[in-house]
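This report describes a single protein chain for a reader working with its coordinates. The sequence and structure are shown first.

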Amino acid sequence: MSQLAKPTERTATETKARPSTFAVPRATIREEKESYLLELEMPGVRKDGLEITVENNELTVIGRRSDSELKGEAVYRESRPLDYRRVFDLDPSIDVGKISAKMDQGIVTLTLPKAESVKPRKIVVGD
């Protein structure tokens, strides 16, 4: 992955976020020819509980889990009942106006297109 276009993660303590009320979702970043793909694991979050913003070249993704009613008394539970939050610094080589997102089975996938100025191009040799 190019150092110039890599989204850089910032922890909640490095931002002005509420302290320790969020879980940090696992992330995978892949580089493709035209863009970067950022995948975040947010089990328990539905599309209407997702908030994605870009401000001052910071990409913030917040996922609010929907409270599921447990029938009976929970004897053991591994999933934490916390919302998710993750912040990435975006390099100017990412075209923030064209970022798109989709969600499928708890995986949020953001497409971060490369700006035209950083995409490889072929130079034709004239006569």
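**Basis and confidence**

The model is predicted: local features need pLDDT of at least 70, side-chain atom pairs count only at pLDDT 80 or more, and totals for chains, interfaces and linings use all residues. Residues are numbered from 1 along each chain as its sequence is written, and side-chain values use heavy atoms, with hydrogens and water left out.

The confidence score pLDDT is assigned by the predictor to each residue on a scale from 0 to 100. Its average over the chain is 82, and 80% of the residues score at least 70. Among the elements of the chain, the lowest mean pLDDT, 53, belongs to strand β1 (residues 8-10), and the highest, 97, to strand β9 (residues 107-113). Two stretches remain under 50. In residues 1-6, where pLDDT stays under 50, the model has 14 contacts beyond four places in sequence; a contact means heavy atoms within 4.5 Å. In residues 11-19, where pLDDT also stays under 50, the model has 7 such contacts beyond four places in sequence.

**Overall architecture**

The chain contains 0 helices and 9 strands. Buried residues account for 31% of the 127 residues, where buried means under 20% relative accessible area, exposed means over 50%, and partly exposed lies in between (1.4 Å probe, protein chains only). The chain exposes about 9300 Å², of which carbon and sulfur atoms supply 47%; accessible areas come from the Shrake-Rupley method with a 1.4 Å probe, and for residues only the protein chains shown count as cover. Of the contacts between residues at least 6 apart in sequence, 59% join residues at least 24 apart.

**Strand pairings**

Two strands are taken to pair if DSSP finds at least two bridges between them. An open sheet is formed by 4 strands in the order β3-β4-β9-β8, with antiparallel pairing. Strands β3 (27-31) and β8 (100-104) stand at the edges with a single partner strand each, so one side of each is left without a neighbour in the sheet. Neighbouring strands of this sheet are turned by 15° against each other on average, direction ignored; the axes are lines fitted to C-alpha atoms, and angles run from 0 to 180 degrees between N-to-C directions. Within the sheet, strand β4 (residues 35-41) and β9 run antiparallel and are joined by 7 bridges. The bridge partner of E39 in β9 is T109.

Strand β6 (residues 58-65) has 6 of its 8 residues buried, so this strand is largely enclosed by the rest of the structure. Strand β5 (residues 45-55) pairs with β6 in the antiparallel sense over 7 bridges, and V54 stands opposite L59 in β6. The hairpin of β5 and β6 has 2 residues between the strands, and N56 there takes a positive phi near 50°. Strand β6 also pairs with β7 (residues 83-89), antiparallel over 6 bridges; here G63 stands opposite Y84 in β7.

**Salt bridges**

Side chains of opposite charge can pair when their charged atoms come close. A salt bridge is defined as a side-chain nitrogen of Lys or Arg within 4 Å of a carboxyl oxygen of Asp or Glu, and the count by this rule is 6. The table lists examples.

| Pair | N to O distance |
|---|---|
| E39 and R30 | 3.4 Å |
| E31 and K114 | 2.8 Å |
| R46 and D48 | 3.8 Å |

Salt bridges that share partners join R30, E32 and E39 into one network. Both E39, at 24% relative accessible area, and R30, at 35%, are partly exposed. E31 lies in strand β3 and K114 in the segment after β9, so this pair ties together parts that are 83 residues apart in sequence. E31 is partly exposed at 37%, whereas K114 counts as buried at 10% relative accessibility. D48 is exposed, with a relative accessible area of 66%.

**A loop residue**

V96 is placed in the loop between β7 and β8 and is partly exposed, with a relative accessible area of 34%. Apart from its neighbours within four places in sequence, V96 is in contact with V54, N57 and L90. The C-alpha atoms of V96 and E58 are separated by 9.8 Å, although these residues are 38 apart along the chain.
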